Amino acid sequence: MSLFQYRLSELHNMLHAGQTSVSELTEESLSAIARLDDKVNAFLTLNEDGARADARTLDDKLASGVSRGLLFGLPAGIKDNIVTKGLRTTCASRFLDNYQPIYDATVAAKLRQADAVTIGKLNMDEFAMGGSNENSAYGAVRNPWDLERVPGGSSGGSAAAVAAGEVFFALGSDTGGSIRQPASYCGVVGLKPTYGLVSRYGLVAFASSLDQIGPLTRTVEDSAYVLQAIAGYDAQDSTSAKVDIPDYLSALTGDIKGLRIAVPKEYLGEGVDASVRETVLSALKVLEDLGAVWEEVSLPHTEYAVATYYLLASSEASSNLARFDGVRYGVRVDEGGGLLDLYLNSRSRGFGPEVKRRIMLGTYALSSGYYDAYYLKAQKVRTLIKQDFDEVFKKYDVVIGPTAPTTAFKLGSQTEDPLTMYLNDILTIPVNLAGIPAVSIPCGFAEGLPVGLQIIGKEFDESTVLRVAHAYEQHTDYHKQRPQL
Amino acid sequence: MSITVKDVQHVAGLARLQLSPEEEAMITEQMNAILQYAEKLSGLDTEGVQPTTHVLHVSNVMREDVVKESLSLEEALLNAPEEEDGQFKVPAVLE
């Protein structure tokens, strides 16, 4: 029987009871990767020797009874835009093909402190820009449920690795839905925490005001475990929030009697596949049976979210990616033409098409004469989008809808048309603009492909989001179904 | 309003990107489509709306100005494409 059938808490207990060992878990993960990753392409860099050495150290720790961390012995994958000291970090870009970080991101250090084992670095859209994982310089990730389909992006490697049973959990990052949308397409649990709850120190910045790191896991309980280990104030991130971190596990009571759910009519309207809508309505029925009540509401500025997001995210990206100049790290293309040519050549060869497109859009939106019309306007609309949520949360505990308008689409089917691709994120983007938390959990299948249910909460109210997700999960078995690979 | 290949060339210069003629044509077309879509924001009345500068209610973040250990020379230069005498090497800027 595979160890991948167990929850993190069960594995934790099994380790303590001597029924398995960290080395055994690590070998199970490594052998799954050896068996499956040719098909899935979730991994960019394996930490084979490092993981084995860490596993031995942890097994010794266990034997000698030294205090043990929250994620003790659990093999994890980390999205490749999170820097890991001494372990190659590429952002799935040619630009950083040989980049060796000289420090750990705060979340990487926290995983280490919690005694997790880092198995390797996971594939993604280049610099986290994309909704399908087809923008990786190292080839697309494939959806474990159907290898001809995308896993979603940009944390597609993280979602696919968890879905395929290659790692016991993974970290991703979510700028406009990049944890939740691939979680939805791959049938796993993906949590985007409140902006500022998890430190971004060491996350290669895409759009700094939107980016947030979060867990991809197989169950909601696992998600709570990982969040517990990575949340918290970090002085090294000036946007980190000084808030008390609750006990997320104690929130998983299974009780949602009297819970008030808002269902935005914009989230079930035009553009959302009928099969996705039906699946989400069935999920709401389950929550109703558990004692929750739901009502239709309106988030009137939803239709403006995608335009707002692409202007803001691209503007921030153009600024953040200015640091890639071929001087201090990364690719350098020097053809003898002087410093400006070195910048031009290095950037032009180092970045892929989607990254260039967004740098161009952002540079334009920030350029003289257009700043007010695009960037400033978008920041004002962002305020209206946030106010929509504030209004609804006065009366309701959570907002629920689909995570994505469709199930996973075929590889290559949308690559020619960036705008259509951008519209896939219409249901996840408003959450990032408002800075609030949301989780995607499996809620059924449409034509054999997973459908994700999105549960959105008030800022720093991850506990309620997880409580609702957990209650639903306890009464369904979609999260237990696995792709046949 | 639509942007032209010439606008794209200007923006590429600002962004320190050298685009091939094919890339220029493609990006002009795609940027026009995206900006045309973004035009929908202009129809929205935002008179008196404050722009979001930060989603949380944080103001300036200060820390004590204390000396801490910094990176060693070796670490700082570990990923340097070219280095010489403990410094990043770039093409000559002054003739």
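In this predicted model, the side chain of Ser178(A) reaches the backbone nitrogen of Ser154(A) at 3.1 Å. Both serines turn up in the "active site" annotation of an unreviewed UniProt entry, along with Lys79(A).

**Ser178(A)**
- You'll find Ser178(A) in the loop between strand 4 (169-174) and helix 6 (180-186) of chain A.
- Its relative accessibility is 5%, and because buried means under 20%, Ser178(A) counts as buried.
- Setting aside neighbours within four places in sequence, Ser178(A) is in contact with Lys79(A), Ala128(A), Gly130(A), Gly153(A), Ser154(A), Ser155(A) and Ser173(A).

**Lys79(A)**
- Lys79(A) sits in strand 2 (residues 75-79) of chain A.
- Lys79(A) is buried too, with a relative accessible area of 0%.
- The side chains of Lys79(A) and Ser154(A) are joined by a polar contact of 2.7 Å.
- Again leaving out neighbours within four places in sequence, the contacts of Lys79(A) include Lys121(A), Leu122(A), Met124(A), Leu171(A) and Gly172(A).

**How the annotated residues link up**
- Ser154(A) is in contact with Lys79(A) and with Ser178(A).
- Lys79(A) and Ser178(A) are also in contact with each other.

How values were computed
Residues are numbered from 1 along each chain as its sequence is written. Chains are lettered from A and ligands numbered from 1 in the order in which they are written. This is a predicted model: local features need pLDDT of at least 70, side-chain atom pairs count only at pLDDT 80 or more; totals for chains, interfaces and linings use all residues. Side-chain values use heavy atoms; hydrogens and water are left out. UniProt positions are given in the numbering used here, feature names are shortened, and annotations may be inferred rather than shown by experiment. Helices (H or I, at least four residues) and strands (E, at least two) are DSSP runs, numbered from the N terminus. Buried means under 20% relative accessible area, exposed over 50%, partly exposed in between (1.4 Å probe, protein chains only). Contact means heavy atoms within 4.5 Å. A polar contact is a pair of N or O atoms within 3.5 Å; within protein, one must be able to donate a hydrogen and the other to accept it, and residues adjacent in sequence count only if both atoms are side-chain atoms.
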